[in-house]
Structures are given as structure tokens and as C-alpha cells.
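Here is a friendly walk through one protein model, written for someone who would like to know what to look for on the screen. Please have the viewer open as you read.

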Amino acid sequence: MTLRRRSALLLACLVSTIALGCGGSTPPPEAKAPAPAPAPAAAQIVRSFQVFFDFDKSNIRPDARPIIEEAANNARKGGASRINLTGHTDRAGSDAYNQRLSVRRAEAVKNYMVSKGIPANRIYTEGKGKAQPVKDCKDTNRKALIACLQPNRRVEVEIVGTRSR
């Protein structure tokens with residue numbers, strides 16, 4: 001082999017070694033493109049309202065109407081996917097009676113919201129009866145006890161929706 005031919009082969013070998021990396025047999029792995037950024041997650045929004053009721057009643061009080069209307073407006077503007085209505089009572093009366101009363105209260109709020117344009121199929125109602133009081137009173141005078149237990153006679157309105165981040 002001539003010197004010229006030998007030099008050409010050596011040069012070709014050197015070039016292929018550089019192109020294939022310093023071991024000579026396999027090329028280095030190609031750099032991968034970075035993964036695309038994840039799609040923005042939707043944030044869950046929850047707004048809460050409380051509607052109060054008179055003792056042993058399930059009709060909507062005049063002072064509760066603006067609260068329910070504000071909740072309905074919020075649901076419409078915020079794109080609510082679901083509205084949860086949970087009725088509660090105070091401790092006076094039997095468990096069975098209070099369970100039925102709490103459901104009637106939640107249904108009364110639902111009916112009012114539907115009358116304000118909220119689709120009924122987005123509103124879910126349930127009654128908890130006297131199982132979840134927010135206030136405990138030790139009064140022995142009936143009138144004072146009824147007044148003290150007012151916060152327990154309520155429907156909790158929870159508006160659930162999503163908003164893109």
C-alpha cells in the first residue's frame with residue numbers, strides 16, 4: 001500500500017471515528033426535543049351561600065330571596081357545572097321529621113333557583129336533618145332555645161364550576 005493510499009484510509013477512519021463518537025461503533029443519541037408544556041388545568045371554583053329558615057318552616061323568607069338570587073346569578077355567570085343544596089334543621093323534633101323538613105328546605109331553594117333560570121338538572125338536593133348542627137345551645141326556655149338554634153335551620157348552597165387557568 002502506498003503512503004498516499006494509507007494516509008487517505010487513515011484520514012477516512014479518523015473522520016468516521018469523530019462522526020460516530022469516540023468508540024467508533026454507534027453514533028451518539030440525538031437530543032430529544034423538550035416535551036410540550038401540559039395543557040392548562042381547569043381550576044375548580046366553589047362559592048358558598050347560606051339561606052336561613054324560620055322554626056319548623058320550609059318556605060323562603062323575604063330576607064333569603066336576595067341571597068338565593070345572588071347565588072343564581074353567580075351560577076349563571078361563573079358557568080356552574082353543579083349546584084349542591086344541603087338542607088339542615090335544629091334539634092327540635094324527631095330524626096325522621098327533621099330529615100323530611102331538611103329535604104323540603106333544600107327543594108324550596110332549588111325551586112326558587114329554577115324560577116330564576118337555573119336548569120333543574122344542575123341542582124342536586126339532600127337533607128341532613130339535625131345531624132350537622134353549627135350551634136349548640138343550653139337554653140331551657142323554649143323561646144330562647146328556638147332563637148339560639150336559628151343558625152342550624154339552613155340550606156347550604158355550594159356552586160361548583162371550573163375556570164381555565
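## Salt bridges

A salt bridge joins the side chains of Asp54 and Arg61, with N and O 3.2 Å apart; the term stands for a side-chain nitrogen of Lys or Arg within 4 Å of a carboxyl oxygen of Asp or Glu. The model is a predicted one, in which local features need pLDDT of at least 70 and side-chain atom pairs count only at pLDDT 80 or more, while totals for chains, interfaces and linings use all residues. Residues are numbered from 1 along each chain as its sequence is written, and side-chain values use heavy atoms, with hydrogens and water left out.

A search of the whole structure gives nine salt bridges.

| Pair | N to O distance |
|---|---|
| Asp54 and Arg61 | 3.2 Å |
| Arg153 and Asp90 | 2.7 Å |
| Lys130 and Asp95 | 3.3 Å |

Arg61 is buried at 15%, whereas Asp54 is partly exposed at 35%. Lys130 is partly exposed at 25%, and Asp95 is exposed at 56%.

## Overall layout

The protein has four helices and four strands, and along the sequence they follow the pattern α-β-α-β-α-β-α-β. Both kinds of element are DSSP runs numbered from the N terminus: helices are H or I with at least four residues, strands are E with at least two. Of the 165 residues, 28% count as buried. Among contacts (heavy atoms within 4.5 Å) between residues at least 6 apart in sequence, 75% join residues at least 24 apart.

## The nonpolar core

A nonpolar core is a set of buried Ala, Val, Leu, Ile, Met, Phe, Trp, Tyr and Cys residues joined through side-chain atoms within 4.5 Å. Which members of the largest one touch the most other members? Of its 22 residues, they are Ile83, Leu85, Val109, Met113, Val157 and Ile159. Two or more residues each come from strand S1 (42–52), H2, strand S2 (80–87), helix H3 (95–115) and strand S4 (154–164). H3 gives the largest share, five residues. Leaving out residues up to four places away in sequence, the contacts of Ile83 include Ala75, Met113, Val157 and Ile159.

## Helix H2

The 13 residues of helix H2 (residues 65–77) should span 18 Å at 1.5 Å a residue, and the end C-alpha atoms are 18 Å apart, which agrees. The expected span is 1.5 Å times one less than the number of residues. Ile68, Ala71, Ala72 and Ala75 of H2 are buried. These four lie on the same side of H2 because they cover an arc of only 100° around the axis, where the arc is that of the directions from the helix axis to the C-beta atoms. Just after H2, Gly79 has a positive phi of about 65°.

Definitions and conventions: Buried means under 20% relative accessible area, exposed over 50%, partly exposed in between (1.4 Å probe, protein chains only).
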